Amino acid sequence: MRGRSRDVRHQPVHHPLFARSYARLGALRDELLAGLTGRVIEIGAGSGLHFARYPRQVAKVVAIEPESHLRALAVTAALRAHVPVDVVPARAEALPVKSEAFDAVVTALVLCSVRDLGRSLRELHRVLRPGGELRFLEHGRARGRAMALTQRALDRTVWPALCGGCHTSREIVAEVRRAGFEIDTHRRLRVPERGLPLPTSSCVLGVARRPVPPADGGGPPPGQRAG
Ligand SMILES: C[S@@+](CC[C@H](N)C(=O)[O-])C[C@H]1O[C@@H](n2cnc3c(N)ncnc32)[C@H](O)[C@@H]1O
């Protein structure tokens with residue numbers, strides 16, 4: 001090891017900003033998945049970074065991933081998971097699963113990239129049982145006016161083409177509500193926390209729920225029904 005410095009500044013690969021946001025994301029990913037149980041569907045699972053992080057109480061994960069290279073990595077990651085994971089080629093806009101089949105849906109850094117956000121969210125609503133949870137960790141529209149304008153300009157020009165279909169200015173919480181979910185909790189975050197904000201720095205970590213319909217279907221009591 002002669003002549004090799006242990007000082008990270010002299011190492012050939014040294015990305016402190018990336019390393020910090022990645023470490024932060026790790027903690028947020030654990031928070032995203034904490035307490036999940038039963039059957040879970042993860043949308044846009046990528047290389048399967050979540051698989052080893054799922055709580056053991058999860059009975060099964062169906063991991064949707066449309067991109068073939070990432071899907072191959074996800075299949076390998078599934079072998080290292082503590083819970084059974086099936087990796088499935090599909091898109092959020094048309095999920096090849098039955099309605100109301102899952103206790104939870106998980107999305108992380110995906111809703112920015114789906115082609116049709118409204119349709120995707122309605123699919124997530126369809127496959128979730130009433131009372132089931134949508135857990136999301138997403139980036140979206142910044143609060144500050146200058147950054148929001150920058151995001152809009154980027155989305156209309158180079159960003160989606162350069163970043164795999166990603167859009168920076170989507171209003172995630174509003175769109176989740178519009179698709180019929182109730183928001184249980186959500187927290188706005190900045191990733192990375194310090195330094196110059198990026199177009200993707202404005203993040204939200206949240207839990208939404210598919211509402212349980214009233215036991216009587218929401219209509220008037222039987223005695224008052226017409227006919
Ligand atoms: C930024 S990566 C995030 C991957 C992973 N969720 C994570 O947190 O590491 C975005 C992922 O969304 C996937 N994706 C893009 N469009 C999608 C769609 N319409 N339906 C499902 N997944 C999609 C991509 O293939 C990619 O795996």
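Between which two elements does the loop that holds Leu109 lie? Select Leu109 to begin, and the loop around it runs between β4 and α3 (117–127), where helices (H or I, at least four residues) and strands (E, at least two) are DSSP runs numbered from the N terminus. The model is predicted, with local features needing pLDDT of at least 70 and side-chain atom pairs counting only at pLDDT 80 or more, while totals for chains, interfaces and linings use all residues. Residues are numbered from 1 along each chain as its sequence is written.

Stay on Leu109 and inspect its backbone: phi is positive, about 55°, although this residue is not a glycine. Leu109 is partly exposed, with 19 other C-beta atoms within 10 Å; here buried means 20 or more other C-beta atoms within 10 Å of the residue's own, exposed means 12 or fewer, and partly exposed lies in between, with C-beta atoms placed from the backbone.

Next select Glu100, in the loop between β3 (85–88) and β4 (102–108). Glu100 also is not a glycine and has a positive phi, of about 60°, and Glu100 is partly exposed, with 13 other C-beta atoms within 10 Å.

Move on to Pro192, in the loop between β6 (182–190) and β7 (202–209), and look at the peptide bond leading from Val191 to Pro192, which is cis, with omega near -5°. Most residues other than glycine have a negative phi, and most peptide bonds are trans.

Finish at the ligand, which 19 residues surround (C-beta atom, placed from the backbone, within 6 Å), the closest being Gly44, Gly46, Glu67, Ala92 and Ala108.
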